[in-house]
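Work through the exercises below with the sequence and the coordinates at hand. Each task is followed by a solution that goes step by step.

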Amino acid sequence: MATDGGAPALLLDSVVKTYGAIRAVDGVSFTAAPGEFIALLGPNGAGKTTLFQLLSGLFVPDSGQIEIMGHDMLRDPVPALAKLGIVFQQPTLDLELTVTGNLLFHAGLHGISRAVAKPRIEAELKRLGLAERAQDKAAQLSGGNRRRVELARALLHAPRVLLMDEATVGLDPASRGDLLKLILTMRAERSVAVLWATHLCDEVADADRVIVLHRGKVLADTTPARFVKDAGAATVEQAFLAITAATAA
Ligand code: ATP
């Protein structure tokens, strides 16, 4: 059986997911190394959310293989999912619970005792600049701070792979930038691989790699600088428009 030792943080091999005639994810393969920040760039309908649903075990692929830290999602889902943290596109905090209450609830779901969870929660909130808000109801927080709480929640069980699904949707530019900076620092400190799904080209520049997903297929998997150069473009946005236009039906 596969173990954590030496395995990529994330491995996808020829992953396919269809909805009737729609090939939402169409033969996707890539790996992520521990600590790598990968921007998954794709327009609406590219298949990003479907891919995340497969990675988080909500759906099963029609074919192909997914491994998290060497654990196969189908054969070995418990250790695979234990290594995974997720911030979903849709906000998922219980607004009537306090910040700490939300985090304790999640810790319980992961089998983390309150005695272990409490100091972890305090430490995470402090790192994210939310120590003073621990006893506030989630409803009292700004959108940016709610996202930070969701990030703290995703990190509580010390995952090695973090999925962020369009996590900056609805945030103002300053909050978007702050969140991105936090993630970049965090993944380096903790050696957590991050898959950052976005349709916003300006969120790609600081990524180690950019994977362009379009109509379920990977059109590019390279560094942001190389992506721009290979397309003969001046910006990520120009390169993205060129590559997606070239594959338009
Ligand atoms: P967005 O940024 O708009 O969320 P996305 O890149 O996350 O887009 P998906 O939501 O994964 O893309 O959708 C990929 C394709 O699969 C689209 O054509 C979409 O209409 C289709 N699709 C997604 N979920 C379903 C479903 N439950 N039933 C049928 N088709 C679906």
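**Exercise 1: Confidence**

Task: which elements of this predicted model have the lowest and the highest mean pLDDT?

Solution. Among the elements of the protein chain, helix α6 (residues 173–190) has the lowest mean pLDDT, at 87, whereas strand β1 (residues 10–19) has the highest, at 98. Turning to the chain as a whole, the average pLDDT is 91, and 97% of the residues score at least 70.

**Exercise 2: Overall fold**

Task: how many helices and strands are there in the protein chain, and how does its radius of gyration relate to the globule rule?

Solution. The protein chain contains eight helices and ten strands. Its radius of gyration is 18 Å, close to the 18 Å that the globule rule gives for 249 residues, so the chain is as compact as a globular protein of that length. Of these 249 residues, 49% count as buried. As for contacts with a separation of 6 or more, 68% are accounted for by residues 24 or more positions apart.

**Exercise 3: A loop glycine**

Task: where is G111 found, and is G111 buried or exposed?

Solution. First, locate the residue: G111 is in the loop between α3 (99–109) and α4 (114–127). Next, consider its accessibility: the relative accessible area of G111 is 65%, and because the cut-off for exposed is over 50%, G111 counts as exposed.

Methods
Residues are numbered from 1 along each chain as its sequence is written. This is a predicted model: local features need pLDDT of at least 70, side-chain atom pairs count only at pLDDT 80 or more; totals for chains, interfaces and linings use all residues. Side-chain values use heavy atoms; hydrogens and water are left out. Helices (H or I, at least four residues) and strands (E, at least two) are DSSP runs, numbered from the N terminus. The radius of gyration is taken over C-alpha atoms; the globule rule is 2.2 Å times the number of residues to the power 0.38. Buried means under 20% relative accessible area, exposed over 50%, partly exposed in between (1.4 Å probe, protein chains only). Contact means heavy atoms within 4.5 Å. pLDDT is the predictor's confidence in each residue, from 0 to 100.
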